[in-house]
Amino acid sequence: MKKFYFLLFLLFCFFTNYAQKDSLQIGDKYAEDQFYLSVSYAQFFNQPQQITKSGFSYGLSIGFLKDITLNKQGNFSFAVGVGYGFDSFSHELKVEEINGNTVFSNGSNLTTNNYTASNLEFPLEIRWRTSNAKRYDFWRIYGGIKFLYNLSNKFDFTENSSSFQYKNVNAYRKFQYGLTLSAGYDEFNFNVFYSLTPIFENASFNGASIDTSVLKFGLIFYIL
């Protein structure tokens, strides 16, 4: 029943937004409130020196952005949003939780080694576009910053036919943020997320600080 009410709420937002736009005239001030969906290829960077590669990894995000126009034409605006993101990585860094401490080692010999995370997302964007009150297919460039709050993280691997799993490890950074850039035409847009914070804090490997961060690039779809 909760899912049903949520679906009705989404439909209400969609039709209300559409009806408002349909009544606007060219030159009127308007906003591009949007739902967004992104699909990304993801990789770690700034890995420890001995960790050389990652396997296939991806990220998914969905959410809503409230558009606040900054000029009458509506082609320059600010947006604030909220959403949910899921990341899945295949990687070489072995992560264990032992006696309340997060321990790192080289996992290149593991049969499988995966990391997943669920995050609340809070994007902020400065937006430029070639739209007007009656034109919905247009070029856009949106740049900004996205804040993340981690809801859960899980590290699991297989070693010598035995499986190990560690959830919500202590060294994981709960609050993260990074730069975002979206550019494209109409619903289809290229999207990049470049993390400015390592996913671990107070973490080291062979005496060196672990600065593992996330880079994601793919497509983002804006749905009016």
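A: **Salt bridges and their surroundings**

Lys 216 and Asp 87 form a salt bridge, with their closest N and O atoms 3.0 Å apart. This is a predicted model. Lys 216 sits in strand 13 (residues 213-223) and Asp 87 in strand 3, so the bridge ties together parts that are 129 residues apart in sequence. Lys 216 and Asp 87 are both buried. For that label, the relative accessible area must be under 20%.

The whole structure holds 7 salt bridges. One of them joins the side chains of Arg 127 and Asp 67, at 2.9 Å from N to O. Here too, distant parts of the chain are linked: Arg 127 belongs to strand 6, Asp 67 to strand 2, and 60 residues separate them. Arg 127 is buried. Asp 67 is buried as well.

Arg 127 has another partner. Its side chain also meets that of Glu 125 in a salt bridge, again 2.9 Å from N to O. Glu 125 is buried, like Arg 127. Now widen the view. Asp 67, Glu 125, Arg 127 and Arg 129 are linked in a network of salt bridges.

Leu 70 lies in the loop between strand 2 (58-69) and strand 3. Its relative accessible area is 47%, so Leu 70 counts as partly exposed. That class runs between the buried limit of 20% and the exposed limit of 50%.

Last, Ser 195. This residue lies in strand 10, which spans residues 188-195. Ser 195 counts as buried because its relative accessibility is 4%. The side chain of Ser 195 reaches the backbone oxygen of Thr 197 at 2.8 Å. Leaving out residues up to four places away in sequence, Ser 195 touches Phe 45, Tyr 177, Gly 178, Ser 213 and Val 214.

How values were computed
Residues are numbered from 1 along each chain as its sequence is written. This is a predicted model: local features need pLDDT of at least 70, side-chain atom pairs count only at pLDDT 80 or more; totals for chains, interfaces and linings use all residues. Side-chain values use heavy atoms; hydrogens and water are left out. Helices (H or I, at least four residues) and strands (E, at least two) are DSSP runs, numbered from the N terminus. Buried means under 20% relative accessible area, exposed over 50%, partly exposed in between (1.4 Å probe, protein chains only). A polar contact is a pair of N or O atoms within 3.5 Å; within protein, one must be able to donate a hydrogen and the other to accept it, and residues adjacent in sequence count only if both atoms are side-chain atoms. Contact means heavy atoms within 4.5 Å. A salt bridge is a side-chain nitrogen of Lys or Arg within 4 Å of a carboxyl oxygen of Asp or Glu.
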